[in-house]
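Please read the following account of aromatic pairs and salt bridges alongside the sequence and the model.

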Amino acid sequence: MFLALLSGKLWSHKATITLATTLLLSSCSLTPASADVLKATQYFTVANKYMNQGDYKTAAKTFEQSIAEYNVPGFEKFKSLAVNGLGITHWRMGLYPQAEKLFRQSLELTRMSGGANTTEYGATLNNLALMLQLQSQYIEAETLFKQAQSIYKSKGDANEAYCLSNLAG
């Protein structure tokens with residue numbers, strides 16, 4: 001569990017996030033919606049740390065908290081990143097059908113926020129294609145790899161080579 005040392009006491013990540021949000025609210029003029037977004041972003045950051053450390057169960061729970069906090073209109077793009085992160089976490093836990101569903105949800109959220117031609121959308125397309133490839137769904141995977149590669153190429157993004165490598169299998 002993520003712990004922080006504050007005034008000589010150990011705090012869980014949830015208590016630390018709540019305290020940090022409270023301190024920011026008291027020193028700034030944040031609306032309740034802004035506070036939710038701030039809290040969601042903090043959960044997202046902590047979830048990525050858990051995922052990178054291999055603590056997938058805690059990462060999944062923390063991504064879910066981030067997603068719940070991102071239920072603020074206008075922040076669909078950020079919510080889609082958290083859903084994508086949860087998808088990666090499920091993928092790493094071997095929960096392929098759940099990961100596939102989350103990647104598709106992330107794509108829809110990104111599309112709704114006007115980002116169907118962004119590198120974030122391309123990354124999620126690539127993740128979904130890899131997931132489908134693992135499930136022997138090669139035709140759809142190839143189509144998605146090509147879509148992701150096209151987005152990266154149009155943006156001059158170096159991940160185009162990564163997509164081409166994935167296409168080659």
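A residue is called buried under 20% relative accessible area, exposed over 50% and partly exposed in between, with a 1.4 Å probe and protein chains only. The model is a predicted one, in which local features need pLDDT of at least 70, side-chain atom pairs count only at pLDDT 80 or more, and totals for chains, interfaces and linings use all residues. Numbering runs from 1 along each chain as its sequence is written, and side-chain values use heavy atoms, with hydrogens and water left out.

Start with Arg-104, which at 33% relative accessibility counts as partly exposed. A salt bridge here is a side-chain nitrogen of Lys or Arg within 4 Å of a carboxyl oxygen of Asp or Glu. The count by this rule is 5 salt bridges. Arg-104 makes one with Glu-100, where the closest N and O atoms are 3.1 Å apart. Helices (H or I, at least four residues) and strands (E, at least two) are DSSP runs, numbered from the N terminus. Both Arg-104 and Glu-100 belong to helix 5 (residues 96-112), 4 residues apart, or about one turn of the helix. Glu-100 is buried, at 14% relative accessibility.

Arg-104 also bridges to Glu-140, with the closest N and O atoms 2.9 Å apart. Since Arg-104 lies in helix 5 and Glu-140 in helix 7 (residues 138-155), this pair ties together parts that are 36 residues apart in sequence. Glu-140 is partly exposed, at 31% relative accessibility.

Another salt bridge joins Glu-108 and Arg-111, with 2.5 Å between the closest N and O atoms. These two residues are 3 residues apart in helix 5, about one helical turn. Glu-108 is partly exposed at 37%, and Arg-111 is partly exposed at 41%.

Now turn to the aromatic rings. Rings of Phe, Tyr and Trp (its six-membered ring) pair if their centres lie within 6.5 Å; planes under 30 degrees apart are stacked, over 60 edge-to-face and the rest tilted. The whole structure holds 4 aromatic pairs. One of them is Phe-44 with Phe-63, edge-to-face at 5.8 Å centre to centre and 65 degrees between the planes. This pair links distant parts of the chain, with Phe-44 in helix 2 (residues 32-52) and Phe-63 in helix 3 (residues 56-69), 19 residues apart. Phe-63 is buried at 0% relative accessibility, whereas Phe-44 is partly exposed at 22%.

Tyr-70 and Phe-78 form a stacked pair, 6.2 Å centre to centre with 20 degrees between the planes. Tyr-70 is buried at 4%, and Phe-78 is partly exposed at 38%. Together with Phe-75, Tyr-70 and Phe-78 form one aromatic cluster.
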